[in-house]
2 protein chains.
Amino acid sequence: MVKRYLDLRSLDEALTLLRDSFTIPRYTEKIPVVQAVGRVVAEPVFATYSVPEVSISAMDGIAVRSRDTIGASDRNPITLEHHARVNTGNVIPPEFDAVIMIEDVWEAGSSFQIRRAAAPWQHIRPAGEDIKENKLVLPRGHVIRPFDIGALVTYGITTIEVLSVRVGIIPTGSELVPPGVRPKPGQVVESNTVMAQVFLSQMGAHCTRLPIVQDEPDLIREAMRKAVRENDLVLISAGSSAGTRDFTESVIRSLGELVFHGVAVKPGKPVMLGKVEGKPVLGLPGYPLAAQTVLREFAAPLLESWGFAPAPRYPVTARLAQAITSDPGFDEFVPLFVGRIGTTLYGMPHGKGGFAQMATVKSNGYTHIPAPVEGYEAGTELEVLLTTDIGSIERTLFFTGTLDPALEELANLAHDNGLFIHATNPGNIAGFLALGSNTCHAAPLVLPAQPLPGIYLPLMRPLDTDDMAFIHIATIEMGIASRDGLGVADLTHARFINTRRETPSRMVLDSLLTAEGIDPSQVNGYPQEVHGPPAVAVAIKNGFADAGMCTSGIASANGLRFVPVAHEDYELAVRMEMLTDSRIKMLIGLIRSPAYQTLLEKTGGYATEKTGRVRCLSPDLSLTG
Amino acid sequence: MVKRYLDLRSLDEALTLLRDSFTIPRYTEKIPVVQAVGRVVAEPVFATYSVPEVSISAMDGIAVRSRDTIGASDRNPITLEHHARVNTGNVIPPEFDAVIMIEDVWEAGSSFQIRRAAAPWQHIRPAGEDIKENKLVLPRGHVIRPFDIGALVTYGITTIEVLSVRVGIIPTGSELVPPGVRPKPGQVVESNTVMAQVFLSQMGAHCTRLPIVQDEPDLIREAMRKAVRENDLVLISAGSSAGTRDFTESVIRSLGELVFHGVAVKPGKPVMLGKVEGKPVLGLPGYPLAAQTVLREFAAPLLESWGFAPAPRYPVTARLAQAITSDPGFDEFVPLFVGRIGTTLYGMPHGKGGFAQMATVKSNGYTHIPAPVEGYEAGTELEVLLTTDIGSIERTLFFTGTLDPALEELANLAHDNGLFIHATNPGNIAGFLALGSNTCHAAPLVLPAQPLPGIYLPLMRPLDTDDMAFIHIATIEMGIASRDGLGVADLTHARFINTRRETPSRMVLDSLLTAEGIDPSQVNGYPQEVHGPPAVAVAIKNGFADAGMCTSGIASANGLRFVPVAHEDYELAVRMEMLTDSRIKMLIGLIRSPAYQTLLEKTGGYATEKTGRVRCLSPDLSLTG
């Protein structure tokens with residue numbers, strides 16, 4: 001076995017090393033207060049003068065001498081000789097010590113009558129009431145908010161000393177092209193350092209992105225030397241795995257000291273920390289989701305330990321809609337989709353791996369699974385940290401059932417209308433169960449025949465058949481896919497690849513075989529199962545098998561030939577009450593829209609005559625309008 | 001009575017008018033993605049190309065043909081003829097359809113041996129796995145996060161169309177001076193429009209602040225005309241009350257239509273809305289806290305209804321530490337200090353009125369009291385919206401007891417060290433009670449004599465005397481304040497002003513009178529009570545009374561003469577367990593610091609020999625080290 005990996009540190013250990021191995025840089029800058037929102041006060045700020053500087057009126061009214069008003073009442077009104085008309089904010093002439101509101105005075109010729117005594121200092125803002133000269137306005141470490149800036153300007157402060165830090169960011173990799181350049185095959189746009197720049201700038205860092213450095217140790221060494229000289233913190237992107245061209249570790253060792261390489265965290269395992277000329281050099285993994293984790297869980301806490309403001313966190317408690325497994329010993333950070341069904345928040349893990357930046361784009365939160373945990377059952381309550389506003393929860397819908405490209409197109413259309421559909425593909429049965437247990441908003445189902453097979457009936461419990469509505473998405477053409485255009489008769493001699501029991505394609509196959517009088521044992525490969533039609537198509541395309549059942553859309557997407565054998569209804573099943581839900585109403589509108597029709601036609605293999613029809617399930621299990 | 005006010009709209013009514021009276025401006029701008037954090041996507045964004053564009057390796061290892069690997073096992077290793085060494089991200093040559101991880105291969109000469117079959121497509125990222133060309137990346141309305149920008153750049157997108165809105169902000173008022181100019185008496189720095197600019201820019205608005213306009217209807221009209229022509233929304237600051245120089249309403253009427261003037265909201269009652277050339281003109285009240293409320297509760301919801309991202313909200317549930325009253329019929333927004341005592345969050349209202357911008361600066365949250373509510377009892381659980389990070393809760397301490405300038409200096413010093421002390425002044429008795437019920441972190445107490453009067457004993461329950469520790473802040477000089485230097489003998493003929501029963505100054509007075517053989521009935525004004533020493537000093541200064549008891553510090557701050565009669569201990573009482581709390585430990589350090597000593601000396605009237613001493617209460621109620 002070719003050995004490659006490293007002793008992994010625990011996340012806690014790594015964070016302690018990160019925080020404790022360096023002296024805190026004291027880099028500050030003086031900026032105009034109007035640019036200071038979110039920045040951290042570096043030096044205490046004091047009021048330039050008292051506010052107000054002299055006593056002023058707090059009301060529109062008349063300034064009076066309080067001793068002249070003693071004894072005034074409804075039965076004994078007093079007409080004041082000495083007074084001055086004042087508006088709010090006017091200086092109180094020195095002879096007066098109280099203000100009576102204009103509502104409480106009665107005009108009496110050129111003078112005013114009052115009916116209540118005025119207490120000394122009433123409705124007067126004494127000098128220094130808001131703040132006194134040289135008193136503290138903002139302490140060191142305060143994170144400046146928009147409304148603080150109003151106070152600063154009021155107190156005579158127009159520039160402010162805030163924390164800053166110079167961060168040099170080095171992209172490495174011979175496969176990289178700069179942002180805006182279209183990558184050739186095998187090339188990748190250099191985006192992780194852009195993400196790092198944006199992320200750390202939000203915290204108040206001054207980021208400098210260096211030009212892309214090829215995978216040459218000498219070039220990397222030169223770039224690192226320059227970055228360390230000019231900055232307080234250096235991030236170096238990629239080159240931290242154990243591939244044949246990963247030089248970051250050796251370069252760090254040649255210039256300084258390696259603090260750690262490899263942390264038991266997922267994604268982000270290859271994260272690296274070096275100390276060069278006393279300064280931290282943090283190695284980001286190349287995978288975007290791993291780089292994100294290292295930015296959020298390593299770079300941000302380092303800046304926080306240097307006094308920078310913690311990134312805002314929006315924790316919510318959600319119930320897992322689906323089990324998650326986790327590598328014990330690894331701290332894992334898992335993107336989640338958080339949505340609400342009824343009054344319960346659910347969190348749904350994203351299916352794809354660490355490659356898909358779209359997982360981050362589409363998710364609205366993530367959860368941290370601590371190292372000792374091996375996973376969570378569905379239904380477990382977890383803390384989820386939202387990455388969007390809380391409103392995104394109401395814009396997230398969970399679909400559980402059978403997926404098809406027609407649903408993907410619908411989800412894209414919904415996405416553009418502000419709805420996030422997170423669909424999982426465990427099949428029809430799980431879809432019915434999820435609907436019954438109210439753990440999904442809708443179940444996309446491929447229904448093989450009318451009436452429904454009785455097998456589905458017990459799955460719907462505790463729902464009754466008349467608690468459910470079915471929205472027709474499209475009619476799907478199902479058939480035999482192959483490289484060479486095989487038909488039913490060929491199934492007895494070709495290498496067949498099957499789908500799992502009770503999947504719609506398996507049911508179509510079985511009724512087809514029955515109709516043709518072929519026994520399953522005659523089909524070579526009948527017991528060899530893959531998950532569903534997309535896997536069937538890939539297996540055929542790659543020569544693993546010769547034929548299998550899938551939809552015409554999937555077959556043509558994989559460049560396979562296709563012999564149609566049946567039509568099936570692709571339906572979105574919902575609880576009846578959801579028909580009045582504004583989001584489901586919007587979805588029905590989208591399903592019925594010409595735009596969706598066009599998308600289905602472009603994808604191919606769908607009949608759309610019944611698209612958008614909403615039907616109920618009659619007691620004999622047929623769908624009726 | 002001089003009539004002045006207006007029919008008030010309810011907040012709900014006003015917000016409906018605000019949202020429904022105008023067509024939504026569709027103003028957008030195209031900006032580099034690196035500047036797009038927090039902005040709202042105006043047009044859907046699609047991937048420029050598929051990512052990856054071709055199939056690439058997901059691992060470091062060897063690319064193989066999966067069909068060559070069928071049957072490999074520990075007992076039947078296979079040596080592969082055809083393979084290619086690939087690193088993560090390398091293009092998979094067309095003849096291969098799987099990757100085997102480097103850990104799972106054994107070198108065998110120039111070839112590799114494997115012991116397990118490779119499934120087709122294993123460890124390969126197929127073309128378009130992350131996203132396919134022309135697929136939606138971000139929908140309209142999405143609020144852009146830092147990590148979205150990594151994805152955008154990866155997918156070939158470097159500029160993006162985002163929502164914007166042009167906001168013209170007009171400051172009016174002849175008393176105003178621009179930011180950075182020191183105001184003369186009666187002048188005010190024009191800061192509300194700066195605050196508006198900063199606040200709305202955060203939401204993505206392009207704000208233009210116009211020059212200050214004098215209180216002249218023609219000038220205001222000209223400025224408003226120009227601002228409406230050049231912007232989608234106009235804010236006009238001040239001139240919206242009913243003073244003699246408030247012209248905003250009449251100017252709006254002359255150019256267009258007044259939608260409302262006056263809303264039952266506190267602060268912010270004079271808020272005004274006009275419609276000029278179809279565009280909204282929002283009138284901000286002049287008081288900073290009222291202007292803030294109108295920005296947050298009117299301007300922000302208007303922009304949200306136009307598609308802008310809602311401002312982040314951090315709601316927490318806190319128990320009111322002190323009752324709040326509220327005007328029924330008014331929606332009130334009350335700044336609160338949120339702190340934690342034990343495991344309970346408490347919210348403490350700020351004492352000062354709407355003038356003090358420092359109330360906003362120092363508070364870390366606010367609560368909304370709906371119109372029908374007349375107030376809340378202490379102990380009520382409320383939703384509080386934090387205005388700072390959640391960590392500020394741990395930096396907030398509540399002190400309940402008797403205030404003195406010595407504590408104010410200590411709080412300022414603590415503030416500069418990141419601790420926010422919110423102190424209320426209900427007196428010694430309430431301080432003991434709060435300590436007993438664990439609703440304050442510490443009780444500042446002016447203790448008139450040693451041993452303590454037995455009256456305090458029952459107040460400490462359920463605490464025992466030995467559960468309490470006393471940290472000595474300073475010894476305070478107490479005496480008779482007057483304009484003319486009156487002494488004890490003068491109290492029988494001067495007009496005296498007293499403090500409330502059981503206040504330390506009242507206790508000193510009573511023991512003084514006893515010692516001098518004077519009966520309280522001989523003291524003219526003995527029954528006339530004000531709240532405490534500061535009010536005594538103001539009453540004397542303004543001629544309401546001739547003499548009263550206060551501290552030498554307060555007397556000299558008010559320019560009064562002072563005859564000392566007693567010394568009292570100013571102590572910070574805490575539960576014994578709090579002595580190990582890091583915040584209380586820091587406070588003790590500050591109390592003992594030379595900086596605090598210097599501040600006390602500068603303030604005057606304190607003896608500091610015992611400052612910083614921590615003592616316990618012995619069973620005979622004397623304080624012992």
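Tutor: Helix H2 (residues 146–154) of chain A packs against helix H3 (residues 192–202) of chain B at an angle of about 160°, and their axes are 8 Å apart. Axes here are lines fitted to C-alpha atoms, for helices over the stretch in contact, and angles run from 0 to 180 degrees between N-to-C directions. Helices (H or I, at least four residues) and strands (E, at least two) are DSSP runs, numbered from the N terminus. This is a predicted model, in which local features need pLDDT of at least 70 and side-chain atom pairs count only at pLDDT 80 or more, while totals for chains, interfaces and linings use all residues. Residues are numbered from 1 along each chain as its sequence is written, and chains are lettered from A and ligands numbered from 1 in the order in which they are written.

Student: Is H2(A) roughly parallel or antiparallel to H3(B)?

Tutor: Angles under 35 degrees count as roughly parallel, over 145 as roughly antiparallel, 65 to 115 as roughly perpendicular and the rest as oblique. The angle therefore makes H2(A) roughly antiparallel to H3(B).

Student: Which residues make the contact of H2(A) and H3(B)?

Tutor: Two residues are in contact if their C-beta atoms, placed from the backbone, lie within 7 Å. From H2(A) the contact includes Phe147(A), Ile149(A) and Val153(A), and from H3(B) it includes Met195(B), Val198(B) and Phe199(B). By class, the contact of H2(A) with H3(B) has eight nonpolar, three polar and no charged residues. Ala, Val, Leu, Ile, Met, Phe, Trp, Tyr, Cys and Pro count as nonpolar, Asp, Glu, Lys and Arg as charged, and the others, Gly among them, as polar.

Student: How many residues does each chain bring to the contact between the chains?

Tutor: Chain A and chain B each contribute 96 residues. On the side of chain A that touches chain B, H2(A) supplies the largest share, eight residues. That side has 47 nonpolar, 30 polar and 19 charged residues.

Student: Which backbone details deserve attention in the loops?

Tutor: One is a cis peptide bond, found from Val51(A) to Pro52(A) with omega near -10°. Pro52(A) lies in the loop between strand E2 (45–46) and strand E3 (56–57) of chain A. In chain B, the bond from Val51(B) to Pro52(B) is likewise cis, with omega near -10°. Another detail is positive phi: Asn134(B) has a phi of about 70° although it is not a glycine.

Student: Is Asn134(B) buried or exposed?

Tutor: A residue is buried if 20 or more other C-beta atoms lie within 10 Å of its own, exposed if 12 or fewer, and partly exposed in between, with C-beta atoms placed from the backbone. Asn134(B) is exposed because 10 other C-beta atoms lie within 10 Å. Asn438(A), with a positive phi of about 60°, counts as partly exposed because it has 13 C-beta neighbours inside 10 Å.
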